[in-house]
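Hi,

Here's the structure I said I'd pass along.

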Amino acid sequence: MAERPYTLLSCGMSLDGYLDDASGDRLLLSNDADFDRVDQVRAGSDAILVGAATVRNDDPRLLVRCPTRVAGRRTAGRSAQPLKVTVTNRAKLDPGARFFTCGTGPKLVYCASDTVAMAGGELSRVATVIDGGTPVEMRRVSEDLHVRGVRRLMVEGGGQVHTQFLGEGLADELQLVVAPLFVGRPEATRFVGPGRYPWTASHRARLVETRPIGDVVLLRYALSERFEERPAW
Ligand SMILES: NC(=O)c1ccc[n+]([C@@H]2O[C@H](COP(=O)([O-])OP(=O)(O)OC[C@H]3O[C@@H](n4cnc5c(N)ncnc54)[C@H](OP(=O)(O)O)[C@@H]3O)[C@@H](O)[C@H]2O)c1
């Protein structure tokens, strides 16, 4: 079997398991100290992957913010910023989104075969558009990223993407932050959707750390044999 990067899933959710509140505005689930922790994890990553809906809804920059961490990456002979990666079926992404315009590093768009030609126009000016097959399979994406030199992949959501990485057994670690609030709106996005997950009542995931960070709590789970207790993230 082809190799894939060490893969860490990271997200914040409400007490009732939601990633957003369907309001159209970005829901701030975390706090400054936790954003700084996430920045550190990003700084240790070769690539950051999000779904196309997250690019459209949140318009994230997906950059390492701390100048010391950026300098540390350069000193270590790495690119200043991690590679940015997204996946799409419809190829309806705005080339003006911050995913594309922020940071000078490369951006990859894995696109379903039947829309790759459409994406090849505008998007190919701001990103490398890759035919991801039909459907785009996260295993194939992971293996292709490994071929491109990615050894540490950070997946930052949203729910559809987390569902696939978890359901397909492609995650080595989960860093889940729980925020002290409820969303209570069924139309909002959940951390994961329905699926068949490897962790069940008879095969529980291994909790390796709980860390209060201000008013949120970080839950860290080992999801595979490859889990690294003290990673260089
Ligand atoms: N709290 C957090 O930590 C956090 C983090 C990230 C996101 N979020 C929230 O999560 C919400 C988005 O989550 P979501 O579950 O709706 O969407 P998502 O996972 O961000 O993106 C889903 C989209 O990605 C593309 N996609 C996913 N799997 C694919 C596959 N196998 N092949 C091809 N394309 C694929 C499709 O794009 P197309 O529609 O373009 O075909 C799909 O509509 C946002 O509102 C955001 O606020 C929260």
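Helix H1 covers residues 32-43, twelve in total, and spans 16 Å from its first C-alpha to its last, close to the 16 Å expected at 1.5 Å a residue. Keep in mind that this is a predicted model. Several H1 residues are buried: Asp34, Arg37, Val38, Asp39, Val41, Arg42 and Ala43.

Now for the ligand. There are 26 residues around it, and the ones that come nearest are Gly12, Asp20, Thr54, Asp58 and Thr88. By type, the shell splits into twelve polar, nine nonpolar and five charged residues.

Which elements supply at least two residues of that shell each? They are strand S1 (6-13), helix H2 (52-58), strand S3 (83-88) and helix H7 (159-167). H2 gives the most, with six residues.

A few atom-to-atom distances to check while you have the model open:

- Thr54: a side-chain N or O atom sits 2.5 Å from an oxygen atom of the ligand.
- Val136: here a backbone N or O atom is 2.7 Å from a ligand nitrogen atom.
- Gly159: again a backbone N or O atom, 3.0 Å from an oxygen atom of the ligand.

Cheers

How values were computed
Residues numbered from 1 in each chain as written. Predicted model: local features only at pLDDT ≥ 70, side-chain atom pairs only at ≥ 80, totals over all residues. Heavy atoms only, no water. Near = heavy atom within 4 Å. Polar contact = N/O pair within 3.5 Å; in protein donor to acceptor, adjacent residues only side chain to side chain. Helix = DSSP H or I, 4+ residues; strand = E, 2+ residues; numbered from the N terminus. Nonpolar A, V, L, I, M, F, W, Y, C, P; charged D, E, K, R; others polar. Expected span 1.5 Å × (residues − 1). Buried < 20%, exposed > 50% of the residue type's maximum accessible area, 1.4 Å probe, protein only.
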